[in-house]
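Subject: Structure handover

Hello,

Here is the structure I said I would pass on.

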Amino acid sequence: MKGLMQFSAIVMLVLVMLFPSMAAAAEGTDETAELAKKLANPIASLISVPILYNLDFGIGPADATRSTVIIQPVIPFSLNAEWNLITRQIVPLIYAEAPAAGLDSASGLGDIVQSFFLSPKDPVRGWIMGAGPVILYPSATEKTLGADKWGAGPTAVVLKQDSGFTYGMLANHIWSFAGDNDREDISATFLQPFLAYQTKTYTTFTLNTESLYDWKSEQWTVPVNLIVNQMVKIGGMPIQLSLGGRYYADKPDGGPDWGLRFAVTFLFPK
């Protein structure tokens with residue numbers, strides 16, 4: 001598992017280093033501009049498979065590192081002339097160094113989160129929106145990598161795209177309803193306000209937070225992310241490359257101080 005994390009990081013770093021030359025190859029098409037715009041919309045009618053590599057530093061007394069590869073396919077379904085159903089999966093593969101002496105490192109699959117958004121095909125007064133259920137699956141292969149609980153709740157997103165800007169918020173709340181009785185119950189709210197700006201060279205600058213409030217411990221975790229995304233084409237296939245950093249404005253005791261993100265998003269236009 002650790003080897004997979006390291007290989008993924010190397011591949012993404014190499015791709016990021018190729019930004020300038022590949023960005024030039026992507027210039028000059030309206031299709032590329034439209035794809036870059038759709039990628040700023042988390043519920044766009046576009047099949048995409050983002051693969052994110054997150055590195056978080058400064059965890060616990062040992063200043064440990066946590067590596068997470070997230071496979072996050074987004075698949076839309078056309079229900080009729082007016083509505084889409086968009087499914088969004090988050091599948092984490094984790095390698096977590098021991099945060100303190102006497103503890104063990106852990107690696108494996110984390111808990112999977114799946115969201116379903118029922119979304120009008122046409123914006124409502126200029127706003128794109130969607131809502132539906134979110135489900136938490138207790139899929140973690142190690143006790144320390146998951147909650148060992150089934151969970152569910154509502155999720156929603158609303159956003160607007162205008163003059164190169166995309167801004168809005170995605171949110172959900174998950175309550176646990178089954179699972180290991182010896183583990184802590186879940187009641188957690190996720191908030192992701194975001195602001196993105198797309199340039200004429202299909203570079204998108206994104207500022208967001210991925211804030212989580214744990215109602216049981218009454219604790220916020222607030223990573224603030226600044227990410228640069230570049231749309232490119234490799235062998236005629238559109239791909240978005242991303243590079244960014246994060247600072248934890250709030251966190252539990254022993255939580256990470258800062259982190260990095262590398263990502264490759266594969267696109268499958270209809």
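The notes below go from the whole chain to single residues.

This is a predicted model, in which local features need pLDDT of at least 70 and side-chain atom pairs count only at pLDDT 80 or more, while totals for chains, interfaces and linings use all residues. Residues are numbered from 1 along each chain as its sequence is written, and side-chain values use heavy atoms, with hydrogens and water left out.

**The whole chain**

The chain contains 15 strands and 3 helices. Helices (H or I, at least four residues) and strands (E, at least two) are DSSP runs, numbered from the N terminus. Of the 270 residues, 46% count as buried. Buried means under 20% relative accessible area, exposed means over 50%, and partly exposed is in between (1.4 Å probe, protein chains only). The accessible surface of the chain is about 13400 Å², and carbon and sulfur atoms account for 62% of that surface. These areas come from the Shrake-Rupley method with a 1.4 Å probe; for residues, only the protein chains shown count as cover. A contact means heavy atoms within 4.5 Å. Taking contacts between residues at least 6 apart in sequence, 56% join residues at least 24 apart.

Strand E1 covers residues 47-59, and Ile47 belongs to it. Is Ile47 buried or partly exposed? Ile47 counts as partly exposed because its relative accessibility is 29%. Beyond its neighbours within four places in sequence, Ile47 is in contact with Val74, Pro76, Phe266, Leu267 and Phe268.

Ser48 is also found in strand E1. With a relative accessible area of 6%, Ser48 is buried. Leaving out residues up to four places away in sequence, Ser48 touches Leu39, Gln72, Pro73, Val74, Thr265, Phe266 and Leu267.

**Nonpolar cores**

A nonpolar core is a set of buried Ala, Val, Leu, Ile, Met, Phe, Trp, Tyr and Cys residues joined through side-chain atoms within 4.5 Å. In soluble globular proteins, nonpolar side chains tend to be buried together. Which residues make up the largest nonpolar core here? There are 10 of them: Ile43, Val74, Ile86, Phe117, Ile128, Val157, Leu159, Leu170, Phe190 and Phe194. Strand E8 (149-162) and strand E10 (187-198) are the elements that give two or more residues to this core. Another core lies apart from it and has 7 residues, including Leu35, Ala36, Tyr202 and Met231.

Leu170, one of the residues of the largest core, has contacts with Phe117, Val157, Phe190 and Phe194, among others.

**Two positive phi angles**

Most residues other than glycine have a negative phi. Asp148 has a positive phi, near 55°, and sits in the loop between strand E7 (128-137) and E8. Asp148 is partly exposed, at 34% relative accessibility. Tyr202 also has a positive phi, near 65°, and its place is in the loop between E10 and strand E11 (203-209). Tyr202 is buried, with a relative accessible area of 7%.

**Aromatic pairs**

Rings of Phe, Tyr and Trp (its six-membered ring) pair if their centres lie within 6.5 Å; planes under 30 degrees apart count as stacked, over 60 as edge-to-face and the rest as tilted. How many aromatic pairs does this rule give? The count comes to 7. One of them is the stacked pair of Tyr53 and Phe262, with 6.4 Å centre to centre and 25° between the planes. Tyr53 is in strand E1 and Phe262 in strand E15 (residues 258-268), so this pair links distant parts of the chain, 209 residues apart. Tyr53 is buried, at 4% relative accessible area, and Phe262 is buried at 6%.

Tyr137 and Trp150 form an edge-to-face pair, with 5.8 Å centre to centre and 75° between the planes. Tyr137 lies in strand E7 and Trp150 in strand E8, 13 residues apart. Tyr137 is partly exposed at 23% relative accessible area, and Trp150 is partly exposed at 37%. Ring pairs also link Tyr213, Trp215 and Trp220 into a cluster.

Regards
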